[in-house]
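Try each task before you read its solution.

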Amino acid sequence: MKNSINPPNSNFFRLLSICAVAILLISACKPEPEPEPEDPCMEAILTGEWGYDDFGGPACWNSVCNHGQTCGGTSQSPINVTGWVEKTNLPSLSTNPGQTSMNIVNNGHTLQFNMQPGSFATYGTTTNGLFDDFTLGQFHFHTNSEHQVNGSYAPMEVHFVHRSIWDDRYMVISVMIEEGDANPLLERFVDKLPVSEMAGPYVNKDSVFSAYDLLPANRSYYTYAGSLTTPPCSETVNWIIMENKIQASQAQLDKFKSILGENFRPVQELGSREIGYVKL
Ligand SMILES: [Zn+2]
């Protein structure tokens with residue numbers, strides 16, 4: 001009897017390998033299940049971190065700051081400044097520059113100039129007849145502007161964040177910055193700006209520094225009741241928005257923009273709030 005070259009079960013193994021290949025081919029052709037859409041707010045909720053891009057951006061802020069404060073309230077900022085009502089019974093703003101030092105921090109959300117105590121603004125009087133003084137804690141920048149005026153953005157906006165010396169009220173003075181002549185105050189610091197959150201602060205040892213030099217000469221202003229424009233979006237801010245813009249050169253604006261990207265919150269509904277206008 002002639003011996004078979006193949007072992008008796010070779011057909012079985014051949015069949016098995018064909019089946020294995022077929023199974024592989026079928027499974028390779030099977031469409032992958034659709035990945036679950038990632039919740040863009042999940043990371044923000046888990047970490048408490050927020051930002052301005054698709055993940056953890058402004059649409060998520062109410063999820064981030066749901067611990068008693070709300071970014072979904074009815075008196076939020078920024079807004080489109082339009083339809084104002086001229087007022088003659090509101091105080092003018094006076095500023096009292098301190099000869100203080102400051103440092104510049106990149107906190108991942110903005111470039112913030114932290115002031116030593118000494119600079120303050122006075123906005124009328126309290127109900128007790130005392131000067132209503134607000135200490136300037138810091139000022140910082142947004143590219144482009146957060147507020148609109150008659151529907152238009154400026155390329156940059158600076159916010160001077162003040163806190164009442166009497167209570168928890170905030171007053172934020174806002175100035176729009178448009179493209180034009182180089183700004184001499186910004187020029188002193190434009191090459192000192194920390195380019196990322198990782199970069200350490202720049203400490204300014206120059207004691208003769210007045211942040212209020214960034215305000216326009218004419219201080220006509222718009223005002224309304226609003227909020228911080230970042231989490232926790234507290235609705236405790238009296239906004240004072242200078243009608244007159246200041247200028248910075250295109251190179252200065254480009255430098256800030258290259259570091260900040262787009263760090264502006266979209267405009268919020270005005271609702272039943274009124275915008276006052278004080279002409280000086
Ligand atoms: Zn701001």
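**Exercise 1.** How many residues lie between β4 and β5 in their hairpin, and which residue in the turn has a positive phi?

*Solution.* Before we start, this is a predicted model, where local features need pLDDT of at least 70, side-chain atom pairs count only at pLDDT 80 or more, and totals for chains, interfaces and linings use all residues. Residues are numbered from 1 along each chain as its sequence is written.

- Step 1: find the strands, which are DSSP runs of E with at least two residues, while helices are runs of H or I with at least four, all numbered from the N terminus. Strand β4 covers residues 102–106.
- Step 2: check the pairing, which requires that DSSP finds at least two bridges between two strands. β4 and β5 run antiparallel and are joined by 5 bridges, with N106 opposite L111.
- Step 3: look at the turn. The hairpin has 4 residues between its strands, and G108 there has a positive phi of about 90°.
- Step 4: look for another partner of β4. Strand β11 (residues 202–204) pairs with β4 over 3 bridges, also antiparallel, and V203 in β11 is the bridge partner of N103.

**Exercise 2.** Which residues of helix α5 are buried, and which are exposed?

*Solution.* 

- Step 1: set the cut-offs. Buried is 20 or more other C-beta atoms within 10 Å of a residue's own, exposed is 12 or fewer, and partly exposed is in between, with C-beta atoms placed from the backbone.
- Step 2: go along α5 (residues 250–260). Q252, L253, F256 and L260 are the buried ones. They sit on the same side of α5 because they cover an arc of only 95° around the axis, taken from the directions from the helix axis to the C-beta atoms.
- Step 3: turn to the other side of α5, where Q250, A251 and S258 are exposed.
- Step 4: see what the buried residues pack against: the elements include β7 (131–142), β10 (170–179) and α4 (184–189). Contact here is C-beta atoms, placed from the backbone, within 7 Å.

**Exercise 3.** Which residues touch the most other members of the largest nonpolar core?

*Solution.* 

- Step 1: define the core as a set of buried Ala, Val, Leu, Ile, Met, Phe, Trp, Tyr and Cys residues joined through C-beta atoms within 7 Å.
- Step 2: pick out the answer: A121, V175 and I177, in a core of 50 residues. Strand β10 gives the largest share, 6 residues.
- Step 3: zoom in on A121. Among the residues it touches are L93, F134, L136 and I173.

**Exercise 4.** N150 and C233 both have a positive phi without being glycines. Is each one buried or exposed?

*Solution.* 

- Step 1: recall the background. Most residues other than glycine have a negative phi, and most peptide bonds are trans.
- Step 2: take N150, with a phi of about 50°, in the loop between β8 (148–149) and β9. N150 is exposed because 9 other C-beta atoms lie within 10 Å.
- Step 3: take C233, with a phi of about 60°, in the loop between β12 and β13. C233 has 25 C-beta neighbours inside 10 Å, so it counts as buried.
- Step 4: P231 and P232 are joined by one, with omega about 10°.

Terms used
Contact = placed C-beta atoms within 7 Å. Lists of a residue's contacts leave out its neighbours within four places in sequence.
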